Amino acid sequence: MNRSQNGVDIVAVITTNPDRAQGGGATVLIARDRADMEQIAFRTAKLVKGMVHELAEDLWIVAVH
Amino acid sequence: MGLPLLIGTLLGSLARFSALRVDYRQYPSYPQGYVIHTALGILGAFLGTAGPLALALGDFTAASFLAVAASQFREIRDVERQTLQALEQTELVPRGTGYIEGIARVFEARNYLAMAAGLLFSLGYLAGEALAAGPLAALGERWSGLLVGIPLSLVAWVRLERYTRGPRVADLADVVPAPIEFDGPMLTVAGVAVMNVGWGPARERYLKEGLAAEIRPRSAAAKATLANLGQRQAIAHDVMALIGSQHDVDEPEFTPLIRRRADGTLVLAILPAERDVDAFLAAIRQVPVLEGSVRKPLQSPVGRYLKGERPE
C-alpha cells in the first residue's frame, strides 16, 4: 500500500480472477467467488476505514481517501 | 466627557452583542465565546468612542490608540481561525479552510462594527455640541450632542450589520431536487458521476434513503463562485450540520461530495438522518456565499468580450 495519489491510498486489490492483478503497490487478495469477494472487500474496508470501489465486475479495490 | 464616553461605549457594546447569535454553527454559542467577544466588543466600542473625544480635547496621542485597537482586532481573526482549525479534525464533514477564513473575517468585522458605532456616536456628539452654539441652542450642549450622536450611531449599527450579512446560495443559484441513479457502481446525479460505490448495500441505502439536488447557477459570475472548492465544502458541511448525517468515520462512501458539470451546475448526493426534501433544499439555499470565493469575471475587461461587447 501507500502509493499516495492526491491523498488516496489503494490498500488492497480484491479479485476472483488472479490474471487481472499483478504485484504492485497494494496487497492482492484472491477471492473464491463473488460472495467471498464481497466479504473480504467489506471487512478490509472497515478495517482501514476505507471504501470499496468497483473497477470491473471481478476486480475491486479498497482505497483510503 | 464622562457621559458621551459612557453612552458611546454602551451603544457600541450593544451593537456587538446583538451580532452574537446562537445558531447551528454552534460557535460561539457557548458561554466562553460570549464572554470573549463581548469583552472585546466593549473594548472596541470604548476605543472608538474615546478617539474623537480625545482629539476634541487636544490630546492627539490618545487618538493613536485607534491604531493599536485595529492591530488587536486583527488578532481576533487569528484566534478564530486557530480555534476552528483545531476543531476541524473532530468534524465528520470538515468546514474547509475557505469557510473557516470566512467565519474568522466575520468576527473581526463585527468588532469594527462595535468600534464604528462608538466612533460615530462621539463624532455626532461633538457635532451636536458645536451646533448648540447655533441652531440647537435651545437644547444646551449636552442634549444637542446626544440628539445628533445617538441616531448617527444607530444608523451606523443597522446599516453595517445589514451590509455585512452577505448573500446566500439562493441568491446565486436555483436549487432543485434530483434523482440518485447508479451506472454500474457509479453514483450518478443528473448525469454527473459523483463517486464509485463498490459496496452493494451502500448503493441500496443511497437509492432508498438518499437525497440529491442540483444547484444551477443563474449567471456566469455565480458559476465561477460556486465552482470554488471552499464554497463547495461549506455547502457540504452546512447541509450535514443542519439536517444530520448517517455516516461514520469508517463509511467514507457516505461522505457528501459536490461535483460539477461542464455547464457549471453542481450536484450533491447525501444520506440524511431525516429524509425531508424541503429541509434539504432549504439547507443548501441558506449556505452563506464565502467572501473568498466570490468571482465576478464579467466585470473585467476580458469579461466584456465574453458578454459579446467589442471595444472600439
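Into which domains is chain B divided? In this predicted model, chain B splits into domain 1 (2-163) and domain 2 (169-299). The close-ups below cover the contact between these domains, then salt bridges between and within chains.

**View 1. The two domains of chain B meet.** The C-alpha centres of domain 1 and domain 2 of chain B lie 37 Å apart. Eleven residues of domain 1 of chain B touch 16 residues of domain 2 of chain B. Together the two domains of chain B bury about 1200 Å². Of that area, 66% is on carbon and sulfur atoms.

**View 2. Polar and charged links between the domains of chain B.** Four residue pairs make polar contact across the interface of domain 1 and domain 2 of chain B (both residues at pLDDT 80 or more). On the side of domain 1 of chain B that touches domain 2, five residues are nonpolar, two are polar and four are charged. The count of salt bridges between the two domains of chain B is one.

**View 3. B:Arg105 pairs with B:Glu291.** These two residues form a salt bridge. Their closest N and O atoms are 2.5 Å apart.

**View 4. A:Lys46 reaches B:Asp250.** The side chains form a salt bridge at 3.0 Å, N to O. A:Lys46 sits in helix α1 (residues 34-48) of chain A, and B:Asp250 in the loop between α10 (229-243) and β6 (257-260) of chain B, so this pair joins two chains. A:Lys46 is partly exposed, at 32% relative accessibility.

**View 5. B:Arg203 pairs with A:Glu54.** This salt bridge spans 3.7 Å, N to O. B:Arg203 belongs to helix α8 (residues 200-209) of chain B and A:Glu54 to strand β3 (residues 51-56) of chain A, so this pair also joins two chains. B:Arg203 counts as buried because its relative accessibility is 17%, under the 20% cut-off. A:Glu54 is buried too, with a relative accessible area of 10%.

**View 6. B:Arg205 and B:Glu251 link distant parts of chain B.** The salt bridge between them has its closest N and O atoms 3.9 Å apart. B:Arg205 lies in helix α8 of chain B, while B:Glu251 lies in the loop between α10 and β6 of chain B. The two residues are 46 residues apart. B:Arg205 is partly exposed, with a relative accessible area of 25%. B:Glu251 is buried, at 17%.

**View 7. A salt-bridge network in chain B.** Salt bridges with shared partners connect B:Glu214, B:Arg216, B:Arg261 and B:Asp263 in one network. Over all chains, the whole structure holds 14 salt bridges.

Note on methods
Residues numbered from 1 in each chain as written. Chains lettered and ligands numbered in written order. Predicted model: local features only at pLDDT ≥ 70, side-chain atom pairs only at ≥ 80, totals over all residues. Heavy atoms only, no water. Salt bridge = Lys/Arg side-chain N within 4 Å of Asp/Glu carboxyl O. Helix = DSSP H or I, 4+ residues; strand = E, 2+ residues; numbered from the N terminus. Buried < 20%, exposed > 50% of the residue type's maximum accessible area, 1.4 Å probe, protein only. Domains from an automatic or database assignment. Contact = heavy atoms within 4.5 Å. Buried area = accessible area lost by both parts, 1.4 Å probe. Polar contact = N/O pair within 3.5 Å; in protein donor to acceptor, adjacent residues only side chain to side chain. Nonpolar A, V, L, I, M, F, W, Y, C, P; charged D, E, K, R; others polar.
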